[in-house]
Amino acid sequence: PGSDPVLGKETILISAHYDHIGVSSDGRVNNGADDNGSGTSGLLAIAEALSAHGPLRRSVMLIWVSGEEKGLWGSKAWCDDAYLPDDRKPICDINIDMIGRNAPDLLLVTPTAKRAKDYNGLVAMAESLSALEGFPVLGSADEYYTRSDHANFAKLGIPVMFLFSDVHEDYHKPTDDADKIDFDKVRRVSRLVLRIVDGLQADTLDLGKR
């Protein structure tokens with residue numbers, strides 16, 4: 001919960017999906033270490049940091065959803081009957097998915113400025129801070145805008161942002177295992193999210209369309 005009696009009613013959502021695709025037809029287990037063990041672990045790291053820091057001015061809700069691979073079911077269920085205690089309201093969503101593979105400095109975001117109708121101040125903040133965590137330029141994940149849970153949170157009428165390190169040769173295969181994860185990259189993406197959350201503690205925010 002936020003510490004400010006007024007700003008504390010505004011809630012920053014940070015989301016990641018738990019589920020993967022299960023067992024293949026040949027009986028092989030798809031562990032999904034990157035998709036989305038990396039994002040859910042990143043969310044745990046963010047939780048640990050927020051707990052150690054103590055309350056921010058605005059509230060933060062970390063939400064692990066399931067059913068993403070089935071059609072964004074978990075986020076849809078929450079958004080269809082969105083609930084926060086004590087008359088709080090969501091003001092934005094930061095969604096993280098597959099953040100542990102590919103080049104160390106590769107990180108994609110959506111919506112970018114090329115998706116003008118959705119580009120917002122949340123993304124602009126990420127673009128201004130990403131180099132501090134070793135991502136000089138954020139690439140475009142616009143083609144994935146409708147494919148992860150931020151798409152449902154956007155239907156609440158709030159700004160959303162998706163951070164994503166792109167697909168790879170092990171995407172949706174039994175070979176997506178933990179020994180291939182770049183754990184430092186997961187750490188740096190998590191730190192970037194925390195930098196953004198810290199930047200969202202100002203008296204007034206301009207998160208609307210750019």
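## Notebook: strands, rings and backbone of a predicted model

I began with strand β2, where the bridge partner of Leu13 is Met61. The model is a predicted one, so I kept to its limits: local features need pLDDT of at least 70, side-chain atom pairs count only at pLDDT 80 or more, and totals for chains, interfaces and linings use all residues. Residues are numbered from 1 along each chain as its sequence is written, and side-chain values use heavy atoms, with hydrogens and water left out.

**Entry 1, the sheet.** I looked up the strand order and found six strands in an open sheet, β2-β1-β3-β6-β4-β5, with mixed pairing. For the element names I rely on DSSP runs numbered from the N terminus, helices being H or I of at least four residues and strands E of at least two. Two strands count as paired if DSSP finds at least two bridges between them. Which strands are at the edges? They are β2 and β5 (139-140), each of which pairs on one side only. At the β5 end, β4 (residues 108-110) and β5 run parallel and are paired over two bridges, and Val109 has Ser140 in β5 as its bridge partner.

**Entry 2, around β1.** I then followed β1 to its neighbours on either side. Seven bridges join β1 and β2 in the parallel sense, and along this pairing Ser15 stands opposite Ile63 in β2. The chain passes from β1 through α1 to β2, and this β-α-β crossover is right-handed, a term that applies if, with the strands pointing away from the viewer, the path from the first strand over the helix to the second runs clockwise. The pairing of β1 with β3 is also parallel, over six bridges, and Thr11 has Pro90 in β3 as its bridge partner.

Helix α1 lies across β1, β2 and β3 (89-97) and runs at about 145 degrees to β1. That angle is taken between N-to-C directions on a scale from 0 to 180 degrees, the axes being lines fitted to C-alpha atoms, for helices over the stretch in contact, and contact means heavy atoms within 4.5 Å.

In β2 I read a covered face made of Ser59, Met61, Ile63 and Val65, and an uncovered one made of Val60, Leu62 and Trp64.

**Entry 4, aromatic rings.** How many aromatic pairs does a search of the whole structure find? It finds four, where rings of Phe, Tyr and Trp (its six-membered ring) pair if their centres lie within 6.5 Å, and planes under 30 degrees apart count as stacked, over 60 as edge-to-face and the rest as tilted. Tyr18 and Trp64 form a stacked pair, because their ring centres are 6.5 Å apart and their planes stand at 20 degrees. This pair links distant parts of the chain, 46 residues apart, with Tyr18 in the loop between β1 (10-17) and α1 (33-53) and Trp64 in β2 (residues 59-65). Tyr18 is exposed at 53% relative accessible area, while Trp64 is partly exposed at 25%.

Phe162 and Phe164 are stacked as well, at 5.3 Å centre to centre and 20 degrees between the planes. Phe162 is buried at 2% relative accessibility, and Phe164 is buried at 3%.

Most residues other than glycine have a negative phi, and most peptide bonds are trans. Against that background I noted a cis peptide bond between Asp35 and Asn36, with omega about 5 degrees, and Asn36 lies in helix α1. A cis peptide bond also joins Thr110 and Pro111, with omega about 0 degrees, and Pro111 is in the loop between β4 and α4 (121-129).

Leu72 is not a glycine, yet its phi is positive at about 60 degrees. Leu72 sits in the loop between α2 (68-71) and α3 (73-80) and is buried at 11% relative accessibility. Met98 has a positive phi near 55 degrees, lies in the loop between β3 and β4, and is buried with a relative accessible area of 2%.

Key:
Buried < 20%, exposed > 50% of the residue type's maximum accessible area, 1.4 Å probe, protein only.
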